[in-house]
Amino acid sequence: MINTDEFFMKMALQEAKIAYNEGEISVGAVITCHDQVIAKAHNQTEKLNDVTAHAEMIAFTAAAEALGGKYLTDCTLYVTLEPCVMCAGASFWTQISRVVYGASDEKRGYSQKGNLLHPKTKIEGGLMAEISEEMLKAFFAARRK
C-alpha cells in the first residue's frame, strides 16, 4: 500500500542506508505534507563537518523551502531513530504535526529529557524499530573494527 506510515518509514530507511554507505551514522528522515513527500534527508555530519547536520535538521530546512514557510503544521516527520534534544527542539519550532520514529535512543533521545516537542505534536515510536536498530548496530560494529 502507498501512503502508509510503513511506506514512508521505508523511504526513511533508504535514506539511512545512503548515510551508512557514506560513512555517516545511519539515520534517515522523510517529511510528508498531506501524504506527499516534500523532503528526504540523511545524516551528513561527517560530510559537512557540522554537528548539526542531522537527518531531521536537513529535512526541516528542505521542507520549509518546499512549502515556502517555516511552519510544518500539516506535516509528518518519519525518522529512523528517536530525535535527539536538538532535533526535538527544532521540531518544536517548526510546529510539525506528527513525528513517527523507528528505534528508541536510550542514550541521546529527546525522551530522556521529557517531552520537548510542541504540545500539539503527536508522537509515535517503534515503527520498524528492529530494522533501524540492526542498521545502527552494523554501522557501529564496523566502526569498532
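On a 1 Å grid over the protein atoms alone, a pocket is an open set of points with protein on both sides within 12 Å along at least five of seven lines, and its lining residues have an atom within 4 Å of a point. A cavity, by contrast, is a set of points where a 1.4 Å probe fits but cannot get out. The model is predicted, so local features need pLDDT of at least 70 and side-chain atom pairs count only at pLDDT 80 or more, while totals for chains, interfaces and linings use all residues. Residues are numbered from 1 along each chain as its sequence is written, and side-chain values use heavy atoms, with hydrogens and water left out.

Start at the largest pocket. Its volume is about 810 Å³. Here a volume is the space filled by probe spheres set on the grid points, which are joined across faces, edges and corners. The lining counts 27 residues. Leu81, Asp105, Arg108, Leu136 and Phe140 lie nearest the centre of the largest pocket. By class, the lining holds eleven nonpolar, five polar and eleven charged residues. In this scheme Ala, Val, Leu, Ile, Met, Phe, Trp, Tyr, Cys and Pro are nonpolar; Asp, Glu, Lys and Arg are charged; the others, Gly among them, are polar.

Which elements supply the lining? Helix H2 (45-48) and helix H5 (129-144) each give at least two residues. H5 gives the most, with seven residues. Helices (H or I, at least four residues) and strands (E, at least two) are DSSP runs, numbered from the N terminus.

Now turn to helix H1, residues 5-21. The expected span is 1.5 Å times one less than the number of residues. Buried in H1 are Phe8, Met9, Met11, Ala12, Leu13, Glu15, Ala16 and Ala19. Buried means under 20% relative accessible area, exposed over 50%, and partly exposed in between (1.4 Å probe, protein chains only). The cover over these H1 residues includes E1, E2, E3, E4 and H5. Contact here means heavy atoms within 4.5 Å. Just after H1 comes Gly23, with a positive phi of about 80 degrees.

Move on to the loop between E1 and E2, where Asp35 sits. Asp35 is not a glycine, yet its phi is positive, near 65 degrees. Its relative accessible area is 40%, which means that Asp35 is partly exposed.

Helix H3 covers residues 55-67. Its 13 residues reach 18 Å from first C-alpha to last, close to the 18 Å expected at 1.5 Å a residue. Which of its residues are buried? They are Ala55, Glu56, Ala59, Phe60, Ala63 and Ala64. These cover an arc of only 155 degrees around the axis, so they fall on the same side of H3. The arc is that of the directions from the helix axis to the C-beta atoms. An α-helix has 3.6 residues a turn, so residues three or four places apart point the same way. The face turned away from the buried side of H3 carries the exposed residues Thr61 and Glu65.

What covers the buried side of H3? The cover includes strand E1 (28-33), strand E2 (36-42), strand E3 (75-81) and helix H4 (85-94). Ala66 also lies in H3. Ala66 counts as exposed because its relative accessibility is 51%. Ala66 and Tyr20 are 46 residues apart in sequence and 26 Å apart in space, C-alpha to C-alpha. Just after H3, Gly68 has a positive phi of about 75 degrees.

Finally, look at H4. Its buried residues are Cys87, Ala88, Ala90, Ser91 and Thr94. They cover an arc of only 160 degrees around the axis, so they share the same side of H4. Their cover includes H3. Ala90 shows the link in detail: Ala90 touches Met57 and Phe60, not counting residues up to four places away in sequence. Is Ala90 buried or exposed? At 16% relative accessibility, Ala90 counts as buried. From Ala90 to Lys107, the separation is 17 residues in sequence and 19 Å in space, C-alpha to C-alpha.

H4 is followed by Gln95. Gln95 lies in the loop between H4 and strand E4 (98-103). Its phi is positive, about 60 degrees, although Gln95 is not a glycine. With 31% relative accessibility, Gln95 counts as partly exposed.
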